[in-house]
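Please read them with the coordinates open.

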Amino acid sequence: MRIKNLHYLRSFRLTLIILSIFGLSLPVLSQQPVPYNSFKPGGEWLDNNGVHIDCHGGNIIYVDSLKTFFWYGEHRGEPRGASCYSSTDLYNWKKEGVVVEKGDIRIFERPKVVYDESARRYVMWFHYDGELDGRNYGIAEVGVAVSNKPTGPFVVQNHYRPNGHESRDIGMYIDPGTKKAYIGYAADHVNRTIRMVELSADYLSTTTNDVDIEAHCEGPGILKKNGTFYLLTSQCSGWTPNPGTYYTASAIMGPYTSQGSPFIGDVGNNSFNSQPCYIFKIPGYKDAYLYMGDRWNGGGHPESQYVFLPITITAEGKMEIHWHNEWDLSLFTPEARRPNR
Ligand code: DGJ
């Protein structure tokens with residue numbers, strides 16, 4: 001027995017020596033990613049390199065021709081800008097890199113990407129900001145960047161105030177039928193209003209179809225079900241979470257009616273300690289709406305977490321978001337014809 005133990009001790013020592021020769025150490029090995037098969041809202045979420053995903057305030061698109069999901073968001077680590085991750089199952093994400101660096105832009109937040117299938121072009125809209133007249137977040141513009149590949153590089157084309165209105169947090173809605181895209185943006189009077197603006201058919205500019213909406217202003221996310229538009233927003237409290245509210249309308253441009261909070265059993269009254277950034281309709285499943293929220297923990301940090309939860313629209317037409325410690329896509333009903341992925 002003693003001889004056997006001695007043998008194990010020797011081979012363990014030998015393993016350690018080999019590991020140190022090749023510059024490896026045990027803690028590094030322990031960070032090797034294990035494939036995920038569920039979402040764990042608010043938890044650590046590692047990418048293919050075993051590093052917490054750094055992709056905040058963004059959106060997800062599905063590119064059918066590539067059978068791939070792309071997740072874009074703020075890269076809060078260095079270099080600052082927008083990052084892109086790819087996935088085929090929404091649980092496991094490969095870091096594609098920083099697809100646009102913010103460079104001289106003081107504040108670069110909430111990137112949203114739309115894919116122009118006919119031009120095979122990826123268009124990113126983002127919150128472009130910085131100090132103006134001594135006021136932080138005073139520039140209040142939208143920025144637009146373009147790439148021919150989902151993984152960038154995106155090149156910034158322009159930045160401006162849409163139709164002269166201040167613009168800060170942005171959300172995006174892409175109508176699956178008409179392929180028209182809209183930006184909901186926290187607007188004038190330091191976000192006391194929210195506006196909705198339609199993008200041009202090539203998604204490269206804003207149109208003058210731009211309306212004021214009576215709603216709380218930040219983190220807008222939009223979905224449509226049975227002809228009703230649901231607009232989910234947060235209030236304006238910096239990096240501190242607050243109670244979310246949803247609004248309904250029969251047209252994307254409104255008028256919208258306040259329906260209260262969709263967060264059911266939200267004891268902290270703070271949207272399950274998160275702020276909305278997008279609602280992604282998951283292809284291949286019936287009415288599968290994914291709430292994408294950020295858990296900022298008081299600031300925009302690389303390690304800020306994500307609160308991804310299923311959104312339910314009840315038979316009465318109410319939006320509900322329930323907490324799950326862990327969940328997966330089997331909660332949704334597959335559609336008859338699922339995309340082949
Ligand atoms: C709340 C916004 O939703 C964030 O995107 C960010 O702009 C912070 N405010 C800054 O305080």
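1. Ala186 has Ile194, in strand 11, as its bridge partner. Strand 10 (residues 181-186) and strand 11 run antiparallel, joined by 5 bridges. Strands here are DSSP runs (E, at least two residues), numbered from the N terminus. Two strands pair if DSSP finds at least two bridges between them.

2. A word on the basis. This is a predicted model: local features need pLDDT of at least 70, side-chain atom pairs count only at pLDDT 80 or more, and totals for chains, interfaces and linings use all residues. Numbering starts from 1 along each chain as its sequence is written.

3. Strand 11 (residues 194-199) has 5 of its 6 residues buried (20 or more other C-beta atoms within 10 Å of a residue's own, C-beta atoms being placed from the backbone). Strand 11 also pairs with strand 12 (residues 206-213), antiparallel, over 5 bridges. Leu199 stands opposite Thr206 there. This hairpin has 6 residues between the strands, and Tyr203 takes a positive phi near 65 degrees.

4. An open sheet of 4 strands has the order 13-14-15-16, with antiparallel pairing. Its edge strands are strand 13 (218-225) and strand 16 (257-258). Strand 14 (residues 228-234) meets strand 15 (residues 245-249) through 5 bridges. Leu231 has Tyr247 as its bridge partner.

Methods: Buried ≥ 20, exposed ≤ 12 C-beta atoms within 10 Å, placed from the backbone.
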